[in-house]
Each structure stands twice: as structure tokens, then as C-alpha cells.
Amino acid sequence: MNHLLPQPLRTVTLAATLLMACLSASAHTGPEDVIAPNPHLTAEGIPPIPAAMAQLAGRYNDFRSRVLLDWHPTRREMLVATRTSGVGVQVHLLRKPMGELEQLTDYPDPVRAAWFEPKNGSYILFEKDEGGSEASQLFRMDLATRKVTLLTDPNEKHGAGEWNHAKDRVLVYSTQLDKTAGAARRADVTTELWLLDPLQPGAKRKIASLPGGGWSEVPAQWSRDDRQLVATNFVSANESTVWLIDVASGARRQILPAPGAVSVPVFYGEVHFSRDDKSLLATSDAAGEFQQLVRIDLATRKQTILSKKIAWDVTHVEPASLNDRVATVVNNDGMSELHLFDAAHGRELPHPALPSGAVSRIKWRTADELGLSLNSARSPGEVMTLNLRTGATEQWTAPTAGIDTGSFRDAAIVRWKSFDNRMISGIMSRPEARADGKFKGPRPVVIQIHGGPESQARLGFLGRINYLVNELGIAVIQPNVRGSTGYGKSFLKLDNGMLREDSVKDIGALLDWIATQPDLDPTRVVVMGGSYGGYMSLAVSTNYADRITGSVDVVGISSFVSFLERTESYRRDLRRVEYGDERDPAMRAFMERIAPLNNAQKITKPLFVVQGKNDPRVPLNEAEQIVERVRKNGVPVWYLMADNEGHGFARKPNADFYFFSLVRFLEEYLLR
């Protein structure tokens, strides 16, 4: 199965999710011809939103990406995630290329993950949470009747794994939800691994209880005889271990790295059995800086690098079931490319050219036909197929945006030297000077920082951010500061623990670079970001207040101590490896010293804070405490909170109002 939620630890790009969602204008106008927030939103300090502005910006709110979820097991049909109506992304059935998208699910919350029953496709499984809680449950929908059955216990968080090769059982992960608060949250997190027949959910069988919360980041894979599972346990963004689990007994043993064999951490990403069960196909950085595609002999543990000619990360692996072809996605300096390999003979294979764009969601239908999603600067994402036998590509979905995207410009990679002479890169979208004289002279800048921090700004569709570039003439820079993925494992560790503020200095160096660019205005800069990017935005506000005109913090961390004490238990240990352990006195003192909350008196420029009430990752307290503290400075503080959202705004009416408020904030403090 391909998974959209939960995403692997290293691929979460929250700011892009928040700012590039498939949205359309939904707010209503009142007697004063302004936009009012819907009843689920608390808006404080935000001035009236003119309906005329919202109408203009709303033209950029209806981009709808199409994402391939799964192929039908016997027919050339597929499941697609997109929004055609309602408030968020839902599951659709697509029966033929360029056919009508038939909506299957219809909920207030998005449904981004679904799979066909693999024998005859008589039903689908899908995952869904409520209100952004991320406490996902698994459901069965019988396609003949559209009846939906809950398969899991709502008191636990669940995720679907892979179907076995017999096609009668599916793996399910579960984690007990922690109802306690603060530092009292439990320390002994366990991931339960179950074997489930979706037609008889009451008869599920527990395979194993696995210590920790890092087992479901990448789903375990079945051996061809269905007797074993190969599972990856994430320790951090730089370290994981690979285990074999006996399905009958639940016994497990670590196979990679061999216990005691290495002193330097190794990260294994996706791991699959070969077709003969004698070896594994995996991504690994054991032999260098980047994630390479390797074949590992199970008897000898000998590793053969298949992608040795590629100097970038292999980020996704999809082996074909009927031959030894392996489809992969390679992250080439921020561009996601398709690469094919012959696993048996250890060589890369040529493939027909694809249209320009970033590849994702690759999935084999047959030995020759591969489905994928493709997005670019001019497309939010469409589904297409590639036939390796004929060389033909075929588009399955068509854009429905209310605005012509054909003139949208490609972004460019820019690079600057940081405080320690290290080169840092980012993606820059420059507005084009118009014939009517608009956008002449140095342009104002928005610095948009990704979350993670183990994530990366990638080349692709900007979504609604195109409005800022095309209509407001703002240059948008998406930096990949140290700690970002995509530039090697050493770069990934450069912001860990006591090195946290070095990534903030990378933004200081970016501000220096902006001042050297004749087409950019260093006196008009707003910094914004989501999740960890929200922390970065706050940290820039405290360290470089004299060099920005405002900041936007979306579900951001205002204090690492209070964050670690309140984040969900199943995430805490993974975050401690990255940020440091707040229980250690020296680390706690460092965290307290650098916390934006404890430096809030230095925030002297307008601040916009956005938060979901049900956020399990960065809890509501992080937003409330920074809003309260900064208001004491006498500077404008805008606050937007949704009581039916979690780690970002996924419901369309909420995201609409957030975007209109963002535009209003930029008009007020950046464009004047």
C-alpha cells in the first residue's frame, strides 16, 4: 500500500500543506460587505476582511490536486484522493482515463488514505480521524451498498499496513491514546501489531507488542510466503533498525544493523522482501551521505548498491510483484524524479520520458504499467500512467481550476553562504514585471520555512501562494536550512540539540543575501512557517526583529520544554532525539534560554498566530502562551484558532479564512 497518512517522519512539509491545500472561497459577506469567520473559528485582533479582496484572492483557492491511492485488483480502475465537493479531500473512484470522479467518502474531515480489497475489489478500507486529532480509525466501505463499518477501537490510534499475499488479512497498527497531560504523560509507549480480516473485525489477532512509537512510520512488509514481516523501527531521522518478525509466534530479531556491528547510526527507510525472499530491497545511508537503493542478502548481510550512480536520496521504493523491476523516486536537489531498476541484475533501467514535473505516489498495476501522480509549477497534481512496453503515457485526470495556470512561472534554486561558510539553498519564486508597470523595482519578500525540521522545500506547485507572487508582486523564498532532508545525513544533524540556533542563523544569512539582490527589498520582509517552521518564524522574530516587518506562526513551537511535556506520548521520544531531552538539566536550561516564549519581549513587529485546538503534535498551549506574552509588548498580535482542526487547517472553510487573513496581514504590514 501507498500511504498518505501517516506520513514518514522525513517527509512532512506542513507549511506547504497549510498554504497549498485545494481550496475555494467559502466565506460569506455581511451587511458591511466583509468576510466573517465561521462559527468554528476564534479570530482575535484580525481586522475586517474586505469581500472584494477575498473575491480576488479566491480565484487562487480552487486548485485541486489529484493523488493516486490504489489500483483495482482486477479492473483498470483506481482510487483517487481529491476534493470535488464538501470541505476537504475525499476518496473517489475513477473507472477510466479522463472519466468522471465518483465520490465515495463524504466527511467533514479529510480522507487521504484508502485501499481496495485485493482479491476482487468488492470493498475498500480507508483511514480517518476527527477534528485533526490524528487518532485515525480504520473503516470498511462495501462498494455495492456504500455501507461503512468501523473496524477499530476509537480509544486507540490506528494505521493500516499491508495486505498479505494470500489477500485475506491486513496489518493494523494501534497505539493507546494518552489522556493525561503535561509531564505526567506516560513514558512506556507500545505499538501493537494486529492481523485483521476486515470482514470479521472482532476476530483480529495480535502478532506482537513492539516497544516505542517508531514502528508505523513505514509499514512492515510481508515475505512472499506470508510467514515473516520485515519491519523498520525509527529511532530518529538519522537512525533506524530493521527487524524480522515471525507472524505465527510474534518473535522478532534485529537484522540491520547487526547488533553491536556499528558505532555510527544508520538510517534505513523503506524495506521490502525480494521476490524469492532471499534478500531485501531497502534504502540506506550506510555507505555514504545519501539514501541509496541497496539489495541485502539475508544469509550473508552483503549489501549491493543499485543506485550508486545517483548522488541524491532515493525517497520511495515500489517493487513490481510480477518481475524484478523496482520503481523509485529520487530527490534531485528538490525535484522528485522517477528512476527504474532491475533488482536481480543490479542495474538502472531506461524509461520513456515523462512530462515535466515532480513525481509521487508511484504504484504498479501490471508488470508493464505504472501509475503515478505528477505536479509542476503549472499543475497542482494530476494522475497519469506510464506503459513501459509501449512507451506511452496517458493522463487520467484533468485540471478543474478556475484560473489558467499556464502562465505560472517555474521557481529557481538560490544559494547563499551562512555564518560558518556553509552553503544553504532555497527555492525562490520571483514575480514578473508587468507591461502595465506593476511590480517594477525591488520586490517585498516572504520567507516561508518548512516544518519537520526533517523535511524539505521541494520544486512543484505553489498553490494559493501563486496569488502572493502573481497578484501582489511578492517574492517568495522557501529556504532549506541546516537540518533539512535532501542534502545528506551530516547536513541533517547540523541543527540537533544544542545546535538549534544555527538553523536560525541560516535565516540571518538569508536576510544578508536578500540585501545584496537588486530586485529584492530588504526593508520589507515577512517570515512565516508551520510547525517547526512556526518555531523558526518566532525565533527569527526574537533574533532579527529589526530586519523584518512581521511574522506568521502556524501551529509552531514557542517553548521546546512545554512542547515536549505536552506532545503526544507516541511522538515524544522521536522528538527528543532531534530537539534534546528536556529532562536533562543542561539541555533544559538551553531550551529555556532560546525559547521564543522566554524572549518574547524582543518580538517588536506584528505577529500572526494560527492554531488548531485539537493538535496532538504541537498542542494549543504553545500558541496561547506566545500570544499572551507578545501582547504585553504593545505590538499587533493576530490570533486565529479553529476548534475542529489539528496540526494545520484541513477543512476548507477554515483554510479559506486563514488565507484571506494572511493576505490581509501582508497587505497591512508588508506591502505598505
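## How confident is the prediction?

The average pLDDT of the protein chain is 92. A score of at least 70 is reached by 94% of the residues. One stretch needs care: over residues 2–31 the pLDDT is below 50. Beyond near neighbours in sequence, that stretch still has 111 contacts in the model. Where pLDDT is low, the predicted coordinates should not be read in detail.

Strand β13 spans residues 170–176. Six of its seven residues are buried, so the strand is mostly covered. β13 pairs with strand β12 (residues 156–163) in the antiparallel sense, over six bridges. In this pairing, Lys157 stands opposite Thr175 of β13. The two strands form a hairpin with six residues between them. Lys167, in the turn, has a positive phi of about 65°.

β13 also pairs with strand β14 (residues 190–196). Again the sense is antiparallel, and there are six bridges. Here Val172 stands opposite Trp194 in β14.

Strand β32 covers residues 412–417, and strand β33 covers residues 423–429. They run antiparallel and are joined by six bridges. Which residue of β33 is the bridge partner of Trp416? That partner is Ile424.

## Aromatic rings

The model has 28 aromatic pairs. Take Phe608 and Tyr658. Their ring centres are 6.1 Å apart and their planes meet at 40°, so the pair is tilted. The pair links distant parts of the chain, 50 residues apart. Phe608 is in strand β38 (residues 607–612), while Tyr658 is in helix α11 (residues 652–669). Are these residues buried or exposed? Both Phe608 and Tyr658 are buried.

Other rings gather in a group. Tyr60, Phe63, Phe408, Phe461, Tyr467, Phe659 and Phe660 form one aromatic cluster. Elsewhere, a lysine charge meets a ring: the charged end of Lys505 sits over the ring of Phe419, 4.8 Å from its centre.

## Backbone details

The bond from Leu256 to Pro257 is cis, with omega near -20°. Pro257 is in the loop between β19 (252–256) and β20 (268–273). Gly452 and Pro453 are also joined by a cis peptide bond, with omega about 0°. Pro453 lies in the loop between β34 (443–449) and α3 (465–470).

Now check phi. Asp277 has a phi near 65°, a positive value in a residue other than glycine. Asp277 is in the loop between β20 and β21 (279–284). Its relative accessible area is 19%, which means that Asp277 is buried. Arg361 has a positive phi as well, near 55°, and is likewise not a glycine. Arg361 is in strand β28 (residues 358–364). With a relative accessible area of 11%, Arg361 is buried.

## A buried glycine in a loop

Where does Gly214 lie? Gly214 is in the loop between β15 (205–211) and β16 (221–222). Why does Gly214 count as buried? Its relative accessible area is 3%, and the cut-off is under 20%.

Leaving aside residues up to four places away in sequence, Gly214 touches Thr232, Asn233 and Phe234. Gly214 and Ser240 are 26 residues apart in sequence. In space, their C-alpha atoms are 8.8 Å apart.

Technical notes:
Residues are numbered from 1 along each chain as its sequence is written. This is a predicted model: local features need pLDDT of at least 70, side-chain atom pairs count only at pLDDT 80 or more; totals for chains, interfaces and linings use all residues. Side-chain values use heavy atoms; hydrogens and water are left out. pLDDT is the predictor's confidence in each residue, from 0 to 100. Contact means heavy atoms within 4.5 Å. Helices (H or I, at least four residues) and strands (E, at least two) are DSSP runs, numbered from the N terminus. Buried means under 20% relative accessible area, exposed over 50%, partly exposed in between (1.4 Å probe, protein chains only). Two strands pair if DSSP finds at least two bridges between them. Rings of Phe, Tyr and Trp (its six-membered ring) pair if their centres lie within 6.5 Å; planes under 30 degrees apart count as stacked, over 60 as edge-to-face and the rest as tilted. A charge sits over a ring if NZ of Lys or CZ of Arg is within 6 Å of the ring centre and within 35 degrees of the ring normal.
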